[in-house]
Amino acid sequence: MDDARGSTADQPRLLTPRQRARSQTVADIVRLGRQHLATDGAAALSLRAVARDLGVVSSAVYRYVESRDELLTLLLIDAFGELGDEVDAAVAAAPEGDHLGRFLALGGAVRTWALREPASYALLFGSPVPGYNAPAERTTGPGTRVIISLIGILDAASRAGQLAVVGPSPQLPPTLAADLEAIRREFGLAIPDELVARGVLVWSSLFGAVSFEVFNQYGPDTFRAPHELFDHHLAVLAGTAGLPAQSS
């Protein structure tokens, strides 16, 4: 007879008090690490300083985070996860069939998070930290959430017949065409190679526009309403991607 309460295997595994305490301590270290990232920058990040703010001796912190590089990795994963969560929530708030709306929501969420968390954005998309190499096996998944969300929006639009090349397109060189075909196969995309190439342009341009604003590359007085410039760029990028124009 089936047990209505479900089997033990179906129940989530509860953490022990020691495991909960360890998890909380690591979360506190990450929180303080993000604060130091904002005030001191990634290159000057120090576990000793984090330990001081945590109220413990530096040797105690090493029981939870073994090195500065490990702390940087935790900060990367945390920031990528936060950005991915906010993008996913913004995209999900738009109707499923509104591909343009979802695209605009994605771009707006990236900008909003980046302007609110410029230090974390710089860690993810700014200059590499000298002497640090992010472990791909731990950071690639979190780090590709936004591009995978963008790919999903464009692929859904293509399958719905709402993605099309507008204007002339240069012929794709053979090596590039092979690379684009490999991307299409990897993700199972129903998007022509030319629109895959344009999607890559949109991806790099989106983050380029955000970076210019976050790092103040336009200068302090060039644009009085930078959000209007970004919205204009995002609308242009939507057209570049092959999405239909927004109806007036």
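View 1. Welcome to the overview, which holds eleven helices and zero strands; helices (H or I, at least four residues) and strands (E, at least two) are DSSP runs numbered from the N terminus. This is a predicted model, in which local features need pLDDT of at least 70 and side-chain atom pairs count only at pLDDT 80 or more, while totals for chains, interfaces and linings use all residues. Residues are numbered from 1 along each chain as its sequence is written, and side-chain values use heavy atoms, with hydrogens and water left out. The C-alpha trace spans about 70 × 65 × 40 Å along its principal axes. Of the 248 residues, 37% count as buried (under 20% relative accessible area, with exposed over 50% and partly exposed in between; 1.4 Å probe, protein chains only). Contacts here are heavy atoms within 4.5 Å; among those with a separation of 6 or more, 73% come from residues 24 or more positions apart.

**View 2. Helix α1 covers residues 17-40.** Look for the buried residues of α1: Thr25, Val26, Asp28, Ile29, Val30, Leu32, Gly33, Arg34, His36 and Leu37. Their cover includes α2 (47-54), α3 (58-61), α4, α5 and α6. After α1 comes Gly41, with a positive phi near 90°.

**View 3. Helices α4 (residues 68-93) and α6 (residues 118-125) pack at about 110°.** Their axes are 10 Å apart; axes are lines fitted to C-alpha atoms, for helices over the stretch in contact, and angles run from 0 to 180 degrees between N-to-C directions. The two helices are therefore roughly perpendicular (65 to 115 degrees; under 35 is roughly parallel, over 145 roughly antiparallel and the rest oblique). On the α4 side, the contact uses Leu72, Leu75, Leu76, Ala79, Phe80 and Leu83, and α6 answers with Ser120, Leu123, Leu124 and Phe125. By class, that gives nine nonpolar, one polar and no charged residues (Ala, Val, Leu, Ile, Met, Phe, Trp, Tyr, Cys and Pro count as nonpolar, Asp, Glu, Lys and Arg as charged, and the others, Gly among them, as polar).

**View 4. Helix α8 takes in residues 145-159.** With 15 residues at 1.5 Å each, α8 should span 21 Å, in agreement with end C-alpha atoms 21 Å apart. Buried in α8 are Val146, Ile147, Ser149, Leu150, Ile151, Ile153, Leu154, Asp155, Ala157 and Ser158. The elements covering them include α4, α5 (99-116), α9 (174-187), α10 (193-214) and α11 (226-241). Gly161 follows α8 and has a positive phi, near 75°.

**View 5. The axes of α9 and α10 cross at roughly 85°.** They come within 9 Å, and the crossing makes α9 roughly perpendicular to α10. Ala177, Leu180, Glu181, Ile183 and Arg184 of α9 meet Asp193, Val196 and Ala197 of α10. In this contact, five residues are nonpolar, none is polar and three are charged.

**View 6. Asn216 sits in the loop between α10 and α11.** Most residues other than glycine have a negative phi. Asn216 is not a glycine, yet its phi is positive, at about 55°. Asn216 is partly exposed, and its relative accessible area is 46%.

Key
Expected span 1.5 Å × (residues − 1).
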